[in-house]
Amino acid sequence: MSILYSLGSKPLQIWDKEAASGHVKRPQDEDIQSNVLEIIGSNIQSTYITCPADPAATLGGVSELLIFKCAVTRVKPYICTMPLRMDEGWNQIQLNLADFTRRAYGTNYVETLRVQVHANCRLRRIYFSDRLYSEEELPPEFKLYLPMQKA
């Protein structure tokens, strides 16, 4: 289930945005030569997007694999944080929510209520999946194509 696709006609249709100290725009990315969603802000706490837009609604019924990948986590009563190591350029991040929930909280994953993405980043797509798919198994619109380099 895709919850954000930067090439759609209304990529933030089901999202709420807050950009008190920055912006949420859809520029053309030079690396992939495609429109992306850009979330930029001087204060990451006040520049973000949230899905679903309605604070009373939940995502409910989505799969347990959110395509985002993490390492060490810090668990506190109401929040769990994790660092993300990313290489230069575009990255695909995959988060196994069932495994993460089991290791961080010692309990079973039930559902994802909301997704919130803070500044500073560029996004092409956010989606949930029932399992990890190889690059060959993904539909073309879920792949990230980098332009061919001219000789």
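Predicted model: local features only at pLDDT ≥ 70, side-chain atom pairs only at ≥ 80, totals over all residues.
**The aromatic pair**

Searching the whole structure turns up one aromatic pair. Its members are Y127 and F142, with ring centres 4.7 Å apart and planes at 85°, so this is an edge-to-face arrangement. Y127 belongs to strand β14 (residues 125–129), while F142 comes in the segment after β14, so the pair ties together parts that sit 15 residues apart in sequence.

**An arginine over two rings**

Now take a look at R125. Its charged end sits over the ring of F142, and R125 also lies over the face of Y5.

| Charged residue | Ring | Distance to ring centre |
|---|---|---|
| R125 | Y5 | 3.7 Å |
| R125 | F142 | 3.8 Å |

**Around T50**

Over in strand β7 (residues 47–51) you'll find T50. With a relative accessible area of 7%, T50 is buried. Leaving aside residues up to four places away in sequence, T50 touches I14, W15, D16, R114, V115 and Q116. With Q116, the link is also a polar one: the two side chains make a contact of 2.8 Å. As for P11, 39 residues from T50 along the chain, the two C-alpha atoms are 12 Å apart.

**What the record says**

An unreviewed UniProt entry carries the annotation "domain: CFA20" for residues 1–66 and 72–145. In the model, the span 1–66 is 0% helix and 42% strand, and its end C-alpha atoms lie 10 Å apart.

Note on methods. Residues numbered from 1 in each chain as written. Heavy atoms only, no water. Phe/Tyr/Trp six-rings, centres within 6.5 Å; stacked < 30°, edge-to-face > 60°. Helix = DSSP H or I, 4+ residues; strand = E, 2+ residues; numbered from the N terminus. Lys NZ or Arg CZ within 6 Å of the ring centre and 35° of its normal. UniProt positions renumbered as here; feature names shortened; annotations may be inferred. Buried < 20%, exposed > 50% of the residue type's maximum accessible area, 1.4 Å probe, protein only. Contact = heavy atoms within 4.5 Å. Polar contact = N/O pair within 3.5 Å; in protein donor to acceptor, adjacent residues only side chain to side chain.
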